[in-house]
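Me: I'd like to walk through this model with you, one question at a time. Shall we start with what lies inside and then turn to the charged pairs?

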Amino acid sequence: MTLWRRSLSRRIFLVVLASFVLVLAVLQAYMWLNFRQSLAVSQPLSRLGSGLGEALAAIDDEAQAVATVQAMQTIYGHLRLGGNPTGTLVFRLEDRQGRQLFSAPLLHDRALSATPGRVSTTDINGVPYWVYRADAGRWRVYAAEPERTLARVVPNNTRAVLPYLLIALPLVLVPAWLAVALGLRPLRQLTQRLQRRSPDDLTPLGFQPRHAELQPLAEALDGLLSKLKARIGRERAFIQDAAHELRTPMAVIATQAHALGGAADAGQRREAQQQLESAIARASHLTQQLLDLARLDDAPTAAAPLIDVAHWLRQVLADMAPAAMAREMDLSLVAPDRLMATVEPAALLSIMQNLLANAIGHTPAGTRIVVTVADTVHPLCLSVEDDGPGIPPGESAQVFERFHRGADPLTRGAGLGLAIVQQAAVRLGGEVRLGPGLEGRGAGFHLRLP
């Protein structure tokens with residue numbers, strides 16, 4: 001429901017309201033503690049009782065003494081003492097023999113008892129009362145008022161403080177609400193700009209907020225739009241390049257399928273079949289590389305297991321050994337007996353397979369290839385080096401670009417292998433760089449993983 005929708009304005013209102021409730025509670029506690037402290041020093045009832053006793057000490061006539069106490073009862077019947085309701089302060093006058101001379105109607109002629117000069121507590125009609133007794137000349141006078149407990153003091157204090165808080169509430173709430181409304185205006189302007197933009201418009205917003213708190217948001221949105229624009233551009237170029245690369249094997253497949261169907265003898269059929277199988281293998285390899293790139297780009301990062309990298313590399317080289325032996329290449333591994341590291345095997349496998357495939361497929365027969373893993377895991381360093389012809393200096397900056405195959409017209413492949421290597425290294429949080437190969441010859445690819 002819209003009424004219960006989360007809102008900064010509603011939150012500000014609730015926070016201010018809660019703050020005022022907290023202020024009221026703190027004031028109540030302070031006033032109660034201050035009241036209890038004042039009682040420990042001097043109680044208003046004792047001051048009133050002792051003053052009345054001093055006045056009666058100078059009176060010797062009984063009628064005059066009674067009139068004085070009656071006058072006090074009349075006066076305090078219309079006044080409040082210390083927050084108690086009017087009419088609850090009562091007096092009683094006796095002579096020294098305990099004969100009652102005057103008693104407030106609330107007492108119903110009930111006798112009171114208290115230690116002279118001190119405040120005592122007694123129960124009157126089921127209500128706890130403070131009672132003060134003063135002995136003055138011929139007279140004994142009692143003053144009594146309801147005991148001011150926490151249950152009585154809190155409502156009185158609330159009635160005294162609450163009107164001021166209610167007056168202050170809108171004076172605080174309205175400026176706070178205006179500050180929020182004005183502070184959120186740039187956000188609304190930014191939202192309107194985003195809503196007016198077409199889905200294809202990924203240019204920077206050009207929004208310069210005046211508030212320092214909103215500047216990082218505007219810069220982050222512009223940065224995000226720039227990244228999206230660059231990524232979409234790369235994806236479009238990637239799709240165009242992929243379509244271009246797939247067009248050749250598809251054309252070969254169509255041509256050889258037609259030739260296979262119209263072959264006049266077994267030799268023509270065999271040649272067409274070989275060409276057809278080669279084109280299918282090339283298309284399948286290209287498709288697999290495209291899938292590998294997509295997986296590395298979009299797949300969520302899984303928790304990496306702890307593996308023995310040295311043992312794992314021996315298995316990878318064993319799988320690649322037949323291809324190297326077919327070209328009379330020397331494929332070797334330099335690694336410790338055991339090297340435990342936490343790494344994602346699938347991404348590392350993509351790196352090693354593509355680096356080894358490049359070294360085997362793009363160097364002459366008889367080339368020496370050495371895979372080296374450093375005897376440390378902080379960082380984990382892997383190298384694939386060969387002593388082949390190497391990569392021309394002018395092409396070293398483009399070797400990791402997608403679909404880059406170099407200037408050699410005899411180079412086979414789609415030019416995705418090293419792009420997959422770089423993407424997998426980024427996925428693992430590391431980097432791969434190109435350097436010289438064995439003994440300063442050939443090419444060397446060096447991988448560093450955290």
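Reply: Happy to! A nonpolar core is a set of buried Ala, Val, Leu, Ile, Met, Phe, Trp, Tyr and Cys residues joined through side-chain atoms within 4.5 Å. Buried means under 20% relative accessible area, exposed means over 50%, and partly exposed is in between (1.4 Å probe, protein chains only). This is a predicted model, where local features need pLDDT of at least 70, side-chain atom pairs count only at pLDDT 80 or more, and totals for chains, interfaces and linings use all residues. Residues are numbered from 1 along each chain as its sequence is written, and side-chain values use heavy atoms, with hydrogens and water left out.

Me: How many residues does the largest nonpolar core have?
Reply: In soluble globular proteins, nonpolar side chains tend to be buried together. Here, Val309, Ile351, Met352, Leu356, Ile369 and Leu447 have the most contacts inside the largest core. Elements giving two or more residues to this core include α7 (309-326), α8 (345-361) and β12 (443-449); helices (H or I, at least four residues) and strands (E, at least two) are DSSP runs numbered from the N terminus.

Me: Which residues is Leu447 in contact with, leaving aside its neighbours within four places in sequence?
Reply: Contact means heavy atoms within 4.5 Å. With those neighbours set aside, the partners of Leu447 are Leu348, Ile351, Leu380, Cys381, Leu382, Ala425, Glu431 and Val432.

Me: How many salt bridges does the structure hold?
Reply: Side chains of opposite charge can pair when their charged atoms come close. A salt bridge needs a side-chain nitrogen of Lys or Arg within 4 Å of a carboxyl oxygen of Asp or Glu. The structure's total is 9.

Me: How many residues apart in sequence are the parts that Arg138 and Asp60 tie together?
Reply: The side chains of Arg138 and Asp60 meet in a salt bridge, N to O 3.8 Å. Arg138 lies in the loop between β4 (127-136) and β5 (139-146), while Asp60 is in the loop between α2 (44-57) and α3 (62-76), so the pair links parts whose separation in sequence is 78 residues.

Me: Is Arg92 buried or exposed?
Reply: Arg92 forms a salt bridge with Glu94, their closest N and O atoms being 2.7 Å apart. Glu94 has 4% relative accessibility and counts as buried. With a relative accessible area of 4%, Arg92 is buried.
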